[in-house]
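Subject: Model handover

Hello,

Here is the model for you to look over. My notes follow below it.

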Amino acid sequence: MAFLALQLLIKRAFLAVPILLCVSALVFLILRLLPADPIAMSLPPGATQADYDMMRIAFGLDRSLPEQYLIWLAKLLHGDFGGSIFFRRPVMELISKALPATLELVSFGFMLGVLIGISGGLGMFITRGRWGEQVLDSSTTIMMAIPEFLWAILLILFLGVLLPVFPFIGRLAPDLTLPASITGFLLVDSALSLRLDLLISVLAHMMLPALALAIGIAPLLMRVLRSSLLETIHEDYVTQARLRGISENRIVIRHAFPNAALPTLSLIGVQGGFMFGGTVLVEMIFAYPGLGNLMIDAVRNHDLPVIQAVALIYCVLVLGINAVVDVIYLAVNPRLRLKGRPA
Amino acid sequence: MVLQARNLTVSMQVNGEQIDVLRDVSFDLQPGKVLGLVGESGAGKSMIGRVISRNLPKQFAVTNGSLVFEGRDIIHGADTLLASLLGKRIAFVPQEPLTALNPLMTIAQQFGEHLDRNGVAHAHQLEWMINALQEVRLLDPKRVLSSYPFQLSGGMCQRVLIAMAFISQPALVVADEPTTALDVSTQATIVQIIRRLQKDHGTALLFITHDLRLAAHVCDHILVLYAGEVVERGPARAISKDPQHPYTRALQAANPSLDGPLTRLPSLPDNMPGISGFSAIKGCRFGPRCPVGDSICCNAVPQLREIAPGHWVRCSPACQHAEPSTAPLIEHAAIRDNGAVILNATGLSKHYESPRNWLGRRDGPGLHAVRPMDFTVRAGEFVGVVGESGSGKSTLARLLMGLEKPSTGQISLDGRDITDTSQQTTQLRLDTLQMVFQDPQSALNPRRSVEDLVTQVMESHLKAVTPEARRQRAQDLLRETGLSPELIHRYPSQLSGGQKQRVNIARALCVTPRLLIADEIVSGLDVSVQAQILNLLLDLKAQRQIALVFISHDLSVVRYLCSSMVVMRHGKVVEQGPTEQIFSNPQHAYTKALFAAAPPADLDCVWPPEQTSL
């Protein structure tokens, strides 16, 4: 098992190289083709042509496109994303602050979404044919009909303003001071420095944006899980288990659910990728200092090095999630790791 | 008494009307005895198992009669009563062993769950499981226990399920077509194992099957069902030796025999009515198809009459003794050696490489699906290809049809080489060769009408074909395959299984091919429908001098149709020659074992033979 998983990850890592090259080239090319001038946008009024030329040379924008691309790639290999034109700081520094914030938020939202999705799907299945299913079914429709950024606003309105349960700006209450950064993940840092007040504040701040993200993935999971449970419950092995007198609860949990969860699992992998896309708007609405907000600032100011870097990181994250889901799939589905019957 | 049914009636509610899908069924099952429920699909034989497990489809309900298990009413008893019986006193052996085990759990986990339920302490479970698996002759119980179902063959899975069924020493085991999905040789072993366990434990067995000949060997008593009604009930020997009801006789006669003179199979007209057709039949439900029926049986349902001690027949005395007309003899030998060679293959083989791993190396030796073989079909000749699953017989069909590229060897058609699958040879092939696929359900596009389906091939030169010509052709083809021309507007879902298979054959006939390749085309059909299709193929031979490569696992069917045959095993031809010669004097041990594994018509032969290991 461990060997197969390792083999799969190595294979994926090899495949990732051409994919990342393609994505980087594509992003690079598209950005250069846009009729906008990041240098002019970042210079103060009254700058001279000489200042402008100097900046262009400093950022290497005077060279040919292939040259620029190769230089960028070469630096990338050394872990250098270049400098931000707008923030006037190394891109690496910006990302090392924003990435943990987004990862934290997405993981929390993801867990929340999967939890709602699976329990909702099971709930819909168990209450099938009764009013409970109707209620849950309508709720999935409502969840799907409203886009996640609108959910973010609705959540702020109901759980932030009308019924002020959760804060909805930033990552932390303004009166609390950050501990020295250990990992950059506030949840981890506050737990490591034994600051319970911090931990609670961080969690409370993540609640609404995570919920908005979770609502983005939960309804589809609910529906897919319900329908695959409905299929699985008619499989021969379920009937046969029933004929052995196994209780209905045990049949659902031990026999139907693990089999029905397989298609749901592949869906979770796909949705995990989508969720990073969802962070862009949700982070902006909640003024959450993550990758999404960084991306929006960069796009607004034509900060090419930052846009390129963030786009590439999104790509790595999606590839990573897919690889992880594949490994989980390998673990839960014996048919993928063992040879079948001899022919 | 283990199980006693009295006037058991199961009904379905359709638009406020009550239709009896199982009418007035009574039987007694004594401890240690085997009762066979015999009938074709739709006869209601599985319904009784479903009544026992309270697993009736929606809208179905028991509306009359009683079913008593060991003195307890299991129809009206509490749910908890049934829950306490299932898996302990009553056990089930399923039809499809491969899908009846959870694919994500090892055998040990599933068996352990069953032992948990039967209160076996964890410490003793391994010992119990190993003993039980040894009892069903699984040679390496520890390996089996640590396997997942997909790592085992169908026969092995069925043995596991049988071991599980008998472990709780149940009073009753219900086996619903336990061997239908298995190979012939495996069938004999499985029947043997079930019989031995059943005898050793004194268990009563309810054996549900479509195969009257098999039931005659396995069962003490038999209940023959037709359209939800018991038509005949009595000792297995008596019914098998001297069936009294016209339906039982027809069922027995429709099954081609393995020895004796070959006569044309008498086949009943039409099909068994579906549930929706029941209410239109006022009298005997077999009446509309009965070869001897008269107006009396069509107006009132005949009562079961006891004609010998314990032998009951639902038929009027007048009908009972009328013999069906004697059928003409079939002569195969004349065709062989006379016709010109249509298809000739020499050194034909197919080897599937195992897939390359990520380093580009191959993990294993691959699979020799077909080892080098020679194969000839003459005009008007029917060639049978016999083998069990994995023998390579379907790959052979695909090679001949050009659906697979041969690894070695040549195929020639009328002396022209068609080994490569270029556009030109493909066209040549399609004008002469047509294939009929196994499962008409999946071979016919459900969204096309019968007319479109059977004349599909004309679409490639539509400009030259007028719609009228196409319709005319469709009607001709339907007539030729014994279907009513009015069916051209129907869709596959509106046809019965036998009708679908005829449409499937009609489609292959559209280009007037000289050779048909048929892959297991009767294996999914009931015997009476099978007889119709077999006769249709013989008629096509007589009318069109069409040749046929008939792939089948069923020896009796091959004997009925084919003048020569090929026996395959693990991709190799083990025996090849004229059919009657192979049947009268098989040379290869495998061929002999195949013959021994099929239940003989003669009840005095002991079957299954004591050791049938292949």
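Chain B has a mean pLDDT of 86, and 95% of its residues score at least 70. (pLDDT is the predictor's confidence in each residue, from 0 to 100.) Chain A averages 87, with 99% of the residues at 70 or above. For the complex, the predictor reports an ipTM of 0.83 and a pTM of 0.86.

This is a predicted model: local features need pLDDT of at least 70, side-chain atom pairs count only at pLDDT 80 or more, and totals for chains, interfaces and linings use all residues. Residues are numbered from 1 along each chain as its sequence is written, while chains are lettered from A and ligands numbered from 1 in the order in which they are written.

Helices here are DSSP runs of H or I, at least four residues, numbered from the N terminus.

Chain B splits into domain 1 (3-89 + 209-317) and domain 2 (341-352 + 366-444 + 513-597). The bounds come from an automatic or database domain assignment. The C-alpha centres of these two domains of chain B are 37 Å apart. Contacts link 16 residues of domain 1 of chain B with 13 residues of domain 2 of chain B. (Contact means C-beta atoms, placed from the backbone, within 7 Å.)

Now the interface. There, 25 residues of chain B touch 19 residues of chain A. On the chain B side, helix 3 (residues 107-117) of chain B gives the most, with three residues.

Best regards

Notes. Two residues are in contact if their C-beta atoms, placed from the backbone, lie within 7 Å. Helices (H or I, at least four residues) and strands (E, at least two) are DSSP runs, numbered from the N terminus.
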